[in-house]
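Reader: Please show the model, and then let us go through some of its side chains.

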Amino acid sequence: MPNQSTATKQSCTQNRAGPLQNLSPVDLPRKARPAGQCSCEARPPEGRGAVSERQALSPPDLAAMAAESCHPRGLSWLARSCIPADPARHIAVPVPISATATTNPASDTEESPISTLPDELLLECLARVPRSSLHPLPAVCRRFAALLASHGFLHLRRAHGRLRPCLLAVSVSSAHGAAGAFARALLQLGASSRPELEVAALPLPPPLLHCAGSSSSAFAFAHARAVAVGREVFLIGCGATLRVDALTGAARACAPTLFPRKKFAAAAVGGRIYVAGGSARTAAVEEYDPAADAWRVVAEAPRRRYGCAGAAAGGVFYVAGGVAVSGHPVGEGGAPRALEAHACAGSVDALHVASGAWAWSARPRAVPGGGCVVGACGAGDGHLYVVASHAVDLSFWRWSGGGNRGGGGACGWVALEAPPVPRGSVGLGTAVRVAMAGVGADRVAAVVNVAAVRGHNAAGGGAALEGLVLVYDIGGGKWSRAPDLPPGFRRAACAAVEC
């Protein structure tokens with residue numbers, strides 16, 4: 001039979017330093033012990049021949065027990081048995097506590113207060129969020145993403161007066177052949193407020209970074225066209241297409257055009273996108289359905305234009321400017337063949353989308369004065385607006401009468417006030433590019449970029465223009481200047497949106 005004093009001593013040691021789960025119900029007496037009495041002394045010896053602990057312990061052990069006697073008052077026996085008497089000798093030992101012990105099981109299954117709101121009330125809350133705080137909200141949950149992409153969210157935001165006409169510019173640049181960096185500039189053009197410019201990086205998801213953020217992305221979107229369909233802007237490049245939400249900034253990849261194109265015409269008619277030109281291999285006009293994310297060929301253009309601009313107004317798709325390319329780049333046996341280029345930089349072709357017929361297939365309408373069309377757009381008033389370059393200055397025109405085949409009545413070009421660019425900036429040896437967009441039914445925005453042609457010196461030695469933003473008031477017939485776009489947006493694709 002083991003020594004009873006030894007067992008009692010082990011029990012006392014476990015109660016002082018051992019884990020609490022090792023204590024049994026018999027180790028917790030109901031009555032408090034007298035002051036200075038330890039847990040081992042509160043348990044009377046059991047059995048015949050039992051010896052008290054003090055008789056079995058050596059004098060050094062008794063001295064240690066006296067020094068570590070329990071506190072007499074203030075705490076329960078369970079707490080006093082674990083805390084030494086001398087606070088100076090006490091060492092705090094952190095006890096690891098599992099997450100399940102501190103977490104309320106009922107709270108894990110409970111929903112957050114905002115998630116219990118009905119969709120109608122949650123839409124009211126989201127519609128009042130400032131635009132600068134909308135970007136991370138689609139990543140909160142799928143419900144947030146669906147509500148933010150709904151038409152009801154856009155309707156409520158417009159009803160609360162939080163939607164303003166803006167000019168969205170999307171640019172991609174690369175440094176020393178590195179991966180392309182996407183950025184967007186949002187310029188507010190509200191009539192009752194001063195124009196404000198916001199510039200931010202365009203966040204791309206990881207799958208899109210792999211395909212669009214590669215080293216070839218700068219080439220794919222170097223001469224991209226931006227087309228707005230509702231609140232979304234489609235950035236169409238050479239073999240790549242991005243779909244950007246103007247409100248939240250969310251972007252995702254879409255189906256590319258059937259034929260690779262560069263410096264082509266693009267515009268939206270009736271919620272669908274039409275592209276033409278920009279390819280020496282085909283004269284096909286493609287149509288894109290955003291709902292199906294698919295392209296198809298709907299017509300053949302009378303001329304294969306390169307370096308052209310696109311616009312849409314009154315159900316007509318316009319293809320303006322550029323150079324007409326004839327011939328085929330590949331001859332018999334696969335041998336390359338030279339192409340013939342014909343100047344048609346001042347003419348415009350018009351496609352009636354509903355009927356699929358070209359208005360002026362034999363003889364396109366040309367801008368008076370022999371200028372070269374460098375920018376075009378349609379406005380809400382149903383008219384086509386173009387900017388033409390005349391080597392040393394710019395002119396601004398409006399086409400009245402739409403794409404009438406007969407060209408009778410009031411159909412014709414109307415000269416408007418020329419864009420007020422700095423004197424001497426446009427001249428011989430310079431290349432002018434104007435990105436235009438119709439802002440509602442009463443304004444036209446134009447981003448003017450002028451650079452010296454490679455291998456030529458600009459006449460007059462004028463400085464290059466980059467990101468010059470001009471706004472034309474259709475009702476007043478006057479131009480005004482808005483804040484310039486920041487550096488790096490010289491080749492930015494622009495579109496008018498409401499956000």
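Author: R157 is found in helix 9, where helices (H or I, at least four residues) and strands (E, at least two) are DSSP runs numbered from the N terminus. This is a predicted model: local features need pLDDT of at least 70, side-chain atom pairs count only at pLDDT 80 or more, and totals for chains, interfaces and linings use all residues. Residues are numbered from 1 along each chain as its sequence is written, and side-chain values use heavy atoms, with hydrogens and water left out.

Reader: Which side chain of opposite charge is nearest to R157?

Author: R157 is buried, buried being under 20% relative accessible area, exposed over 50% and partly exposed in between (1.4 Å probe, protein chains only). It has no salt bridge, a salt bridge being a side-chain nitrogen of Lys or Arg within 4 Å of a carboxyl oxygen of Asp or Glu. Lys and Arg count as positive and Asp and Glu as negative, while His and the chain ends are not counted. On that basis the nearest side chain of opposite charge, 9.4 Å away, is D245.

Reader: Which residue has its backbone oxygen 2.8 Å from a polar atom of the R157 side chain?

Author: R157 touches L126, A127, R128, V129, P130, R131, L134, R162, L163 and L247, not counting residues up to four places away in sequence; contact means heavy atoms within 4.5 Å. The backbone oxygen that lies 2.8 Å from a polar atom of the R157 side chain belongs to V129.

Reader: Which residues touch the most other members of the largest nonpolar core?

Author: A nonpolar core is a set of buried Ala, Val, Leu, Ile, Met, Phe, Trp, Tyr and Cys residues joined through side-chain atoms within 4.5 Å. The largest one has 37 residues. Elements that give two or more residues to this core include helix 7 (119-127), helix 9 (151-159) and strand 5 (232-236). The residues that touch the most other members are L126, F221, L235 and V497.

Reader: How many residues are in the other core, the one that includes V426?

Author: This core lies apart from the largest one. Among its members are V426, M436, Y472 and I474, and its residues number 22.

Reader: Why does the salt bridge of R143 and D119 tie together parts of the chain, and how far apart are they in sequence?

Author: The closest N and O atoms of R143 and D119 are 2.7 Å apart. R143 lies in helix 8 and D119 in helix 7, so the parts that the pair ties together are separated in sequence by 24 residues.

Reader: Is E287, a salt-bridge partner of R272, buried or exposed?

Author: R272 forms a salt bridge with E287, with the closest N and O atoms 3.2 Å apart. R272 is in strand 9 (residues 272-276) and E287 in strand 10 (residues 284-289). R272 has a relative accessible area of 31% and is partly exposed. E287, with a relative accessible area of 6%, is buried.

Reader: Which residues are linked in a network of salt bridges with R272?

Author: R272 also forms a salt bridge with D289, the closest N and O atoms being 3.6 Å apart. The residues linked with R272 in the network are E287, D289 and R296.

Definitions and conventions
Polar contact = N/O pair within 3.5 Å; in protein donor to acceptor, adjacent residues only side chain to side chain.
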